[in-house]
Amino acid sequence: MSRRIAGSAVVLCLAVPLSVLLQLAVASDLSLVAGAPDLVLIVVCGLALARGPELGCVAGFGAGLALDALAEHALGRDALIYCLAGYCLGLAGEKLRPPAQVRSLLLIALATALVRIAEGGIAFLLGSDGAFGRAFGVKLVAAPAASVLFAIPLLALLRWVLGVKAPPRRQFPVPDPVLETDDVAATA
Amino acid sequence: MTIDRVIRRRILLGLLIAASFGLLTAWYREVDNGPLHRAQASVTDASVPVSAAVQRVARPFRDLWEWGRGLANARDEAQRLQKINQQNAIEIARMQQALADKTDYRTLLAFTKNPRFSGLLTAFTPRGADVIERPVEPDAVRVLIDAGSAEGVAKNDAVVAGLDRDRAALVGIVARVNAHSSMVTLLTSPDFAVGAAVPAHQANGIVRPGSDPGSLELDDVQKRYAVQVNDVVSTSGWQDQALGVKSRLPAGLPIGVATQVNDPGDALVKVIQVTPLVDLDAFSHVLVLTSKAGASP
């Protein structure tokens, strides 16, 4: 139990702020084609998949608020988006059998695309002309691809920190060997 | 999962969404130096050292990433740059050609305005033309230009090419005229002959192709004229007032320079070796001196 709490605390207090700083400082330089990875979303996703929607939405809200403050957005914009993303990812995580590596990566790709669309939509609602149109550009494919690429090592690291272990492999029942009738007759 | 837990998480989500909307509303409703804006500015200021530290720590990794990405893109980049280089080389060649053309045109234009020659050209209208066909063999004696009878060119018109700033020299005469092109016989053609003079000594003669390929001879120069090496040989522009005929070539048009004066003791006239002023294998733009009034050849 203490390992579980310690892991969550490390991710909340260390990984989330670090991901925010890295997102603002270097993520734009790590772009593939035209899309940068969403390091914050990867960390929020890792936490939400492992610990559920409550911690996911709290981590998402905190990380989004920090992004808003540091990137000088309107306060509450990214907090709302990442909070909803963390909640939804947490709900999805409850239906997955851990560690569900491939499906986690697909969820991250989908979430990155939806976050981009949501950011464009909110910017459009707040009066930024063309923001919604820009969200549907090449970034809509490139950003999820970059996020998935970075999520492969990061999710593994987060699982290790959070103490997520793969359940034992399912044991399928093996049928008993059936004796041939000729063999039975010979034995008799 | 218990119903309490579901309700609890929904309440938590609702609270966080409400907080987000509250922040958004407050942020937009307050003035630029409101408490939220000031708090945001303070957080940004406070994060500067941390951001700088993160930048510094992340720099090697970022450089490594950039290096890896650059390596992956190196081949594409090399091909792209090669293509750009080829395009640039073509563009440079085109611009160099345009510059050379412009220089030629400027020389020819300056020639027509040069007071030394403009007086000679009063009876002529200069027509610009480009050389569009030149036989590939060395010492070719004919070229095709892109001006013909439609442009006022007539047979036996003088054809000159630019030398330097404002000088031009004779390169040949028009031998055949089509509607939009003309064949020019060069000075070195075996069937070329033109009345010429050495203005410095008032010596007249006839310029013909020399025995060596590409050379000219000024012969029939009387022995009493002390023609010297490096004297300029130009057209004489003869006319016979009794018969009422005159040359289609203006007088004083440079042809070449004397490079050797042969004065055999037993001959009646001197033979002077002349080198054409224009490189007859290289010029590409010419002026055809078309006659204003129909002068006879």
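# Briefing: salt bridges and folds in a two-chain model

The side chains of Glu91(B) and Arg94(B) form a salt bridge, with 2.8 Å from N to O. Glu91(B) and Arg94(B) are three residues apart in helix α2 of chain B, so about one helical turn separates them. The structure described here is a predicted model. Over all chains, the structure holds 11 salt bridges.

**Salt bridges**

- Side chains of opposite charge can pair when their charged atoms come close.
- Within chain A, Asp38(A) forms a salt bridge with Arg116(A), and their closest N and O atoms are 4.0 Å apart. Asp38(A) lies in the loop between α1 (2-25) and α2 (39-51) of chain A, whereas Arg116(A) lies in helix α5 (residues 101-125) of chain A, so the pair ties together parts that are 78 residues apart in sequence.
- Asp38(A) is buried, with a relative accessible area of 0%. Arg116(A) is also buried, with a relative accessible area of 18%, and the cut-off for this class is under 20%.

**Links between the chains**

- Glu94(A) forms a salt bridge with Arg9(B), the closest N and O atoms being 2.6 Å apart. Because Glu94(A) lies in helix α4 (residues 77-95) of chain A and Arg9(B) in helix α1 (residues 3-29) of chain B, the pair joins two chains.
- Glu94(A) is partly exposed, with a relative accessible area of 34%, whereas Arg9(B) is buried, with a relative accessible area of 3%.
- Glu94(A) and Arg9(B) belong to a network of salt bridges that also links Glu54(A) and Arg5(B).
- A nonpolar patch on the surface is formed by Phe124(A), Leu125(A), Leu126(A), Phe132(A), Phe136(A) and Tyr28(B), with about 630 Å² of accessible area together. One of its residues, Phe132(A), lies in helix α6 (residues 131-135) of chain A and counts as partly exposed at 35% relative accessibility.

**Chain A as a whole**

- Chain A has eight helices and zero strands.
- Of the 188 residues in chain A, 48% are buried. Its accessible surface comes to about 9700 Å², and 68% of this belongs to carbon and sulfur atoms.
- Among the contacts in chain A with a separation of 6 or more, 71% are between residues 24 or more positions apart.

**Chain B and its barrel**

- Chain B contains three helices and 14 strands.
- Six strands of chain B form a closed barrel in the order β1-β2-β5-β4-β3-β14, with antiparallel pairing. The twist from one strand to the next averages 45°.
- Helix α2 (residues 35-113) of chain B packs on the sheet, where it touches β1 (124-133), β3 (158-164), β4 (167-177) and β14 of chain B. The direction of helix α2 makes about 30° with that of β14(B).
- Strands β2 (residues 142-145) and β5 (residues 182-186) of chain B pair in the antiparallel sense over four bridges. Leu144(B) has Met183(B) as its bridge partner in β5(B).
- Thr290(B) lies in strand β14 (residues 285-291) of chain B and is buried, with a relative accessible area of 2%. Apart from neighbours within four places in sequence, its contacts include Ala123(B), Phe124(B), Gly152(B) and Asp157(B).
- Of the 297 residues of chain B, 34% count as buried. The accessible surface of chain B comes to about 17400 Å², with 57% belonging to carbon and sulfur atoms.

Definitions and conventions
Residues are numbered from 1 along each chain as its sequence is written. Chains are lettered from A and ligands numbered from 1 in the order in which they are written. This is a predicted model: local features need pLDDT of at least 70, side-chain atom pairs count only at pLDDT 80 or more; totals for chains, interfaces and linings use all residues. Side-chain values use heavy atoms; hydrogens and water are left out. Buried means under 20% relative accessible area, exposed over 50%, partly exposed in between (1.4 Å probe, protein chains only). Contact means heavy atoms within 4.5 Å. Patches are made of residues with over 30% relative accessible area and no salt bridge: like charges are joined within 9 Å, nonpolar side chains (Val, Leu, Ile, Met, Phe, Trp, Tyr) within 5 Å. Accessible areas come from the Shrake-Rupley method with a 1.4 Å probe; for residues, only the protein chains shown count as cover. Two strands pair if DSSP finds at least two bridges between them. Axes are lines fitted to C-alpha atoms, for helices over the stretch in contact, and angles run from 0 to 180 degrees between N-to-C directions.
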